[in-house]
Amino acid sequence: MARSSLFTFLCLAVFINGCLSQIEQQSPWEFQGSEVWQQHRYQSPRACRLENLRAQDPVRRAEAEAGFTEVWDQDNDEFQCAGVNMIRHTIRPKGLLLPGFSNAPKLIFVAQGFGIRGIAIPGCAETYQTDLRRSQSAGSAFKDQHQKIRPFREGDLLVVPAGVSHWMYNRGQSDLVLIVFADTRNVANQIDPYLRKFYLAGRPEQVERGVEEWERSSRKGSSGEKSGNIFSGFADEFLEEAFQIDGGLVRKLKGEDDERDRIVQVDEDFEVLLPEKDEEERSRGRYIESESESENGLEETICTLRLKQNIGRSERADVFNPRGGRISTANYHTLPILRQVRLSAERGVLYSNAMVAPHYTVNSHSVMYATRGNARVQVVDNFGQSVFDGEVREGQVLMIPQNFVVIKRASDRGFEWIAFKTNDNAITNLLAGRVSQMRMLPLGVLSNMYRISREEAQRLKYGQQEMRVLSPGRSQGRRE
C-alpha cells in the first residue's frame, strides 16, 4: 500500500512539474494565453437588442491631406452587443497612414490597391539595414535600421495585435482602400468597449468616438478639434532629455501646427528598405507565392510569424461552385497568429442570383462588409422571427449575431463580402444541402418532425446536392 501511494504521488508531482514548465515557457507576448479558452471575450453589461438589425453605413468622415477615413457608430446597439467597431481608410497614391496603436486587436482587409506596411513588434530585432556604402556616398557614414517591411496587395487579410503600432503606405497609382475591423471586447482590451487610437505623430481628429461622445463634444464646441499625438501632453524638457533633441524638434514631435491629419502626402525622397524580387524569384514565381511556404503552422517565433493571408484569390477557395461562387476562410489553422488575437475571417463571392444556403455560426458573431454588388439577406432569431430582411449594398455593414440563421441571395450584379468573426476558429453549421443538419437526421425523425411522409422526408433530406454555395435554382426560374 505504501509503495502504491508513493508511486501515485511521484506521478502527480511529475505531471504538475510538466504543467508548470509549459506555463513558464510560454512567450510573454502571448497575452491571452493565461485566460480560459472559452472566456476570451468580455460580455456586454446590458442585454443585447437584436430584434431589428440594420445594414449600417458610415456615420462620419474625416478628411486628411492624402485621403480620408470613414467610421461606423460604435454606440450602435448591434456593434455594442458584439463588441466590435468598423473603419474604412481610403489612401491616395503616395499617401502614408501615420503610425499608431490601438487598445484592441484589428483585422484589415485590403479591398483595393497595394502597398507596404511596417509593424513594430516589441522585443523583435531591427533586422533591416541600409547599405552602408550608399549612405557614405551621400556624405554620411550613418546607416538606418528598422524592423521588417511587409508588402500587401488586394485580397490580403492583415493582422494587427492590440498595442502594436503600425503604418501603411500606398505604393500604387490608384486609391488604396482598407476595411478595418476592431474587436473591442477582446480580452486584450482592458479599458472599455470602445476603440481608442494612439498616434505617434501629427494631430489627427479622433473620429473613432461614438455618436454620444461626439454630440457631447459638439455641445462644448470641440467636435472637430485636433486631439494631438501621444507626445503632445508631455512637458518639452522631458522630451528633450528623453530623445536628446532640441526644443524645435520637440515641437515637430508634438505635431504643433500640423494640419495634415492621419493620412499624409509623402515627399519624393521617401525611402524605406524593402527587398526587391530578383530575376530568379520573378521567373519562378516564388516571390508571389512565398506566403504559402510556411502554412504548416510551425513558425519559429513571434518575430517571424506571418501577419497576413490572401483570401481574395479564387485558387485559395475552400468552397467552390462553378455556377454559384466561392468562399475562402482564414483561421488559426491557416494563419497561426489569429490564435493570439482570437479572430478569423471569411471572404465570399456569389455569382449572379446565386445563393448561400441557410446557416449559422456556432461560436462567434459575424460582421459582414459588402465589398461589391448587392444581395438580399434574411436573418432569423431564436424566436423564429425575421430580424432582418432587406438589401445589403456595397459599402454597408451587417452584424449577424451568434447562432442567428442567415441566408443570402445575390442580385443580377452578383455579391462579394468579407465577414469578420469573433473567434479564431469560427464554425459554420449548414441547414440545407450536403453536410447539413438535415443530412444528419434519420428519415424517421424528419417525417415525425414535420408530419410528412417518408418520401417527402427523403426529398427534403436529399433534394439539394450542392454544399453551402448554391447555383441559381428552380425557385429563381419560377420568380422570373
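## Exercises on helix packing, surface and salt bridges

Helices α11 and α12 lie roughly perpendicular to each other. The model is predicted. The first exercise works through that relation.

**Exercise 1.** Find the angle and the axis separation at which α11 and α12 pack, and classify the pair.

*Solution.* Step one: locate the helices. Helix α11 covers residues 443-450, and helix α12 covers residues 454-462. Step two: take the geometry. The helices pack at about 105°, and their axes are 9 Å apart. Step three: classify. An angle from 65 to 115 degrees counts as roughly perpendicular. So α11 and α12 are roughly perpendicular.

**Exercise 2.** Which residues of α11 meet which residues of α12?

*Solution.* On the α11 side, list Leu-443, Gly-444, Leu-446, Ser-447 and Tyr-450. On the α12 side, list Arg-454, Ala-457, Gln-458, Leu-460 and Lys-461.

**Exercise 3.** Which residues make the nonpolar surface patch of about 340 Å², and which helix gives the most to the patch?

*Solution.* Start with the members: Val-445, Met-449, Tyr-450 and Leu-460. Next, assign them. Helix α11 gives the most, with three residues. Met-449 lies in α11. Now check Met-449 against the patch rule. Patch residues need over 30% relative accessible area. Met-449 has 42% relative accessibility, so Met-449 counts as partly exposed. Finally, compare with Exercise 2. Tyr-450 and Leu-460 belong to the patch, and both are also listed in the contact between α11 and α12.

**Exercise 4.** How many salt bridges does the structure hold? Then take Glu-63 and Arg-61: what is the N to O distance, and how accessible are the two residues?

*Solution.* The total is 15 salt bridges. The side chains of Glu-63 and Arg-61 meet at 2.7 Å, N to O. Glu-63 is at 43%, so Glu-63 is partly exposed. Arg-61 is at 47%, so Arg-61 is partly exposed too.

**Exercise 5.** Where in the chain are the partners of the salt bridge between Arg-203 and Glu-259?

*Solution.* First the distance: the closest N and O atoms are 3.1 Å apart. This pair links distant parts of the chain, 56 residues apart. Arg-203 is in the loop between β13 and α4, and Glu-259 is in the loop between α6 and β14. Then accessibility. Arg-203 is partly exposed at 22%, while Glu-259 is exposed at 54%.

**Exercise 6.** What are the helix and strand counts of the chain, and what share of its residues is buried?

*Solution.* The chain has 13 helices and 25 strands. Of its 480 residues, 47% are buried. For the surface, the chain exposes about 25,300 Å², with carbon and sulfur atoms supplying 50%.

Note on methods: Residues numbered from 1 in each chain as written. Predicted model: local features only at pLDDT ≥ 70, side-chain atom pairs only at ≥ 80, totals over all residues. Heavy atoms only, no water. Patch = residues over 30% accessible without salt bridge, like charges linked within 9 Å, V, L, I, M, F, W, Y side chains within 5 Å. Areas by Shrake-Rupley, 256 points an atom, 1.4 Å probe, with all protein chains shown as cover. Salt bridge = Lys/Arg side-chain N within 4 Å of Asp/Glu carboxyl O. Helix = DSSP H or I, 4+ residues; strand = E, 2+ residues; numbered from the N terminus. Buried < 20%, exposed > 50% of the residue type's maximum accessible area, 1.4 Å probe, protein only. Axes fitted to C-alpha atoms, helices over the stretch in contact; angles between N-to-C directions. Parallel < 35°, antiparallel > 145°, perpendicular 65-115°, else oblique. Contact = heavy atoms within 4.5 Å.
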